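Here is a short report on the model shown below. Please keep the sequence and the structure in view while reading.

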Amino acid sequence: MKKVAGRLRLDLAQYRELEAFAKFGSDLDKSTQAQLTRGSRLVELLKQGQYQPMAVENQVVSIFLGTNGFLDEIPLQHVRRYEQELHEMLELKHRSLLDEIAEKKELTKEITEQLTSIAKEFTASFKVA
């Protein structure tokens, strides 16, 4: 969690800084727009319903996907549904991967590759209604 959350902390700090700056400027370059887009999705990703605890391995997966850009193309209003459906799919089809993340307490190269492959496939099939 610390490894994935470290990057999250930095991304959110940059997002807050740019967000404040963006309120005063109208023309933003593509890099700044991309950081603002990712930051808004990370903020949305961190919202959690009251009395709805999330397992650490699911939190790690969500943060990994958010910080690695898998949510960048997902419309902001669909981020929570994307996350929920992804967790349901992982629970049904890839429970062993979640167990491995929980057991090893780190994202090894193999886990990262597997998670990236699953995320690419899921993101490509995710339907925005």
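## A polar contact at Glu 57

In this predicted model, the side chains of Glu 57 and Arg 95 are joined by a polar contact of 3.3 Å. Glu 57 sits in helix 3, which covers residues 56–67. Glu 57 counts as buried because its relative accessibility is 13%, and the cut-off for buried is under 20%.

What else does Glu 57 touch, leaving aside neighbours within four places in sequence? Besides Arg 95, Glu 57 is in contact with Leu 98, Ile 101 and Ala 102.

## The nonpolar core

The largest nonpolar core has 27 residues. Five of them touch the most other members: Val 61, Leu 65, Tyr 82, Leu 86 and Leu 90. Which helices supply this core with at least two residues each? They are helix 1 (2–22), helix 2, helix 3, helix 4 (79–93), helix 5 and helix 6. In soluble globular proteins, nonpolar side chains tend to be buried together.

Take Leu 65 as one case. Not counting residues up to four places away in sequence, Leu 65 touches Phe 70, Leu 71, Tyr 82, Leu 86 and Ala 119.

## Aromatic pairs

The model holds three aromatic pairs. One of them joins Tyr 82 and Phe 122. This pair is edge-to-face, with 5.1 Å centre to centre and 65 degrees between the planes. Tyr 82 belongs to helix 4 and Phe 122 to helix 6, so the pair ties together parts 40 residues apart in sequence.

Phe 126 is buried, as is Phe 122. Tyr 82, Phe 122 and Phe 126 form one aromatic cluster.

## Helix 6

How does the span of helix 6 agree with its 17 residues? At 1.5 Å a residue, helix 6 should span 24 Å. Its end C-alpha atoms are 24 Å apart, so the two values agree.

Six residues of helix 6 are buried: Ile 111, Leu 115, Thr 116, Ile 118, Ala 119 and Phe 122. An α-helix has 3.6 residues a turn, so residues three or four places apart point the same way. The buried residues of helix 6 pack against helix 3, helix 4 and helix 5. Among the contacts, Ala 119 is touched by Leu 65, and Phe 122 is paired with Tyr 82.

## Positive phi in two loops

Tyr 51 is not a glycine, yet its phi is positive, about 65 degrees. Tyr 51 lies in the loop between helix 2 (30–46) and helix 3. Tyr 51 counts as exposed because its relative accessibility is 74%, and the cut-off for exposed is over 50%.

Lys 105 is another residue other than glycine with a positive phi, near 60 degrees. Where is Lys 105 placed? Lys 105 is in the loop between helix 5 (95–104) and helix 6 (109–125). Lys 105 is exposed, with a relative accessible area of 68%.

Notes:
Residues numbered from 1 in each chain as written. Predicted model: local features only at pLDDT ≥ 70, side-chain atom pairs only at ≥ 80, totals over all residues. Heavy atoms only, no water. Helix = DSSP H or I, 4+ residues; strand = E, 2+ residues; numbered from the N terminus. Buried < 20%, exposed > 50% of the residue type's maximum accessible area, 1.4 Å probe, protein only. Polar contact = N/O pair within 3.5 Å; in protein donor to acceptor, adjacent residues only side chain to side chain. Contact = heavy atoms within 4.5 Å. Core = buried A, V, L, I, M, F, W, Y, C linked by side-chain atoms within 4.5 Å. Phe/Tyr/Trp six-rings, centres within 6.5 Å; stacked < 30°, edge-to-face > 60°. Expected span 1.5 Å × (residues − 1).
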